[in-house]
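Hello,

Here is the structure I said I would pass on. Please open it alongside this email; my notes follow below.

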Amino acid sequence: MSKAYERFLPVIEARLNALLGTENSASEAARYSLLSGGKRIRPILLLEFYALCGGEGDSALEFAAALEMIHTYSLIHDDLPCMDNDAMRRGRPSCHMAYGENTALLAGDTLLTLAFKTAAEARELPAERVLRATALLAEKSGVNGMIGGQVEDLSFENRTVGLTELRGMYLKKTAFLLQAAAMCGCILAGAAEKEITLAGDYAENLGLAFQIIDDILDCTADEGLLGKPVGSDERNGKTTFVTLLGLDGARECAAELSKKALAALDGFCGDSTALRELTADLLDRKY
Ligand code: GRG
């Protein structure tokens, strides 16, 4: 039986497919990566928080698609030879392996700019909500957000990193975009400030747990399931939660964070069943 949080998947896929053209090699490469079967966690989060806070219909779908575009651009750029130099992504050759480095760079740029156009065109929603959510999306994915996390990650190469520093970097690199998704869902639905803050707390804890699981999977996963080679952190000499806490310690830490995420959901009056299922499944994920 499919999970409650999977209910939006068909509309997310359809909208992503409709929003991106095939006019040139950059958009073809962007389509290759965008439509290659990601878990769609960020759009799901946005749409679930939108529904939890009383949002109706599919008017937040554009915004949800914008989140996935930004996520996909970050993956394309992260895989480039000048970054992590990963040849595989989601079980297929990464964008630059399939289309070349220059086109992959432009595919990422295409997705980043299209994301903000798409968000700004969410015309069925009140303009002041769209403006606030768009600014938050830029902040969380920008130089003091996800990009800032990547800058810190690069600065960690070939030196010892402690738990506090690592946590701070993961917060920006991974949790901030999940926070943008959860908080934008609330903002677009016209939620109270208290709910927006709770959504941020939820996603901060979920995001850190998610990244710790990612560290664990990099040591333990089945390569076929993961869709990319395992052991890349070790090969690149990266400090992770596993290197600092060991496998069991990292698992305990992720479980604790996941519990805190669930506690934040207690503050919402609506039905959070789908988000609770998603939280539990992300802790148990195998890819
Ligand atoms: C802006 C150049 C540039 C890079 C941004 C965030 C980031 C830096 C790169 C993304 C790569 C990365 C390891 C991010 C950490 C978050 C993470 C585990 C992403 C994978 O997300 P999933 O599991 O992927 O949701 P799918 O494939 O399911 O969408």
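This is a predicted model: local features need pLDDT of at least 70, side-chain atom pairs count only at pLDDT 80 or more; totals for chains, interfaces and linings use all residues.

A term first: a polar contact is a pair of N or O atoms within 3.5 Å.

Ligand site

The ligand is surrounded by 20 residues. The closest are Lys39, Arg42, His71, Asp78 and Arg90. Besides His71, two of these have listed distances. Lys39 places a polar side-chain atom 2.6 Å from an oxygen atom of the ligand. For Arg42, a polar side-chain atom lies 2.8 Å from a ligand oxygen atom.

Second largest pocket

Lys39 turns up again here. It is among the residues nearest the centre of the second largest pocket, together with Tyr5, Glu6, Leu282 and Tyr287. The pocket holds about 290 Å³ of space. Its lining has 14 residues. Seven of them are nonpolar, two polar and five charged. Two helices, α3 (41-52) and α14 (273-283), each supply at least two lining residues. Which gives the most? That is α14, with three residues.

Helix α2

Helix α2 covers residues 25-34 and is mostly covered, with eight of its 10 residues buried. Those eight are Ala26, Ser27, Ala29, Ala30, Arg31, Tyr32, Ser33 and Leu34. What lies over them? The cover includes the helices α1 (9-19), α4 (61-79), α5 (95-99) and α6 (101-120). Strand β2 (92-93) is also part of it.

Ser27

Ser27 sits in α2. Is it buried or exposed? Buried means under 20% relative accessible area. Ser27 has 4%, so it counts as buried. Its side chain joins that of Glu23 in a polar contact of 3.0 Å. Leaving aside neighbours within four places in sequence, Ser27 is in contact with Leu20, Gly21 and Thr22.

Where to look

Start at Lys39, which is among the closest residues to the ligand and also lies among those nearest the centre of the second largest pocket.

Best wishes

Key:
Residues are numbered from 1 along each chain as its sequence is written. Side-chain values use heavy atoms; hydrogens and water are left out. On a 1 Å grid over the protein atoms alone, a cavity is a set of points where a 1.4 Å probe fits but cannot get out, and a pocket is an open set with protein on both sides within 12 Å along at least five of seven lines; lining residues have an atom within 4 Å of a point. Grid points are joined across faces, edges and corners, and a volume is the space filled by probe spheres set on the points. Helices (H or I, at least four residues) and strands (E, at least two) are DSSP runs, numbered from the N terminus. Ala, Val, Leu, Ile, Met, Phe, Trp, Tyr, Cys and Pro count as nonpolar, Asp, Glu, Lys and Arg as charged, and the others, Gly among them, as polar. Buried means under 20% relative accessible area, exposed over 50%, partly exposed in between (1.4 Å probe, protein chains only). Contact means heavy atoms within 4.5 Å. A residue is near a molecule or strand if one of its heavy atoms lies within 4 Å of it. A polar contact is a pair of N or O atoms within 3.5 Å; within protein, one must be able to donate a hydrogen and the other to accept it, and residues adjacent in sequence count only if both atoms are side-chain atoms.
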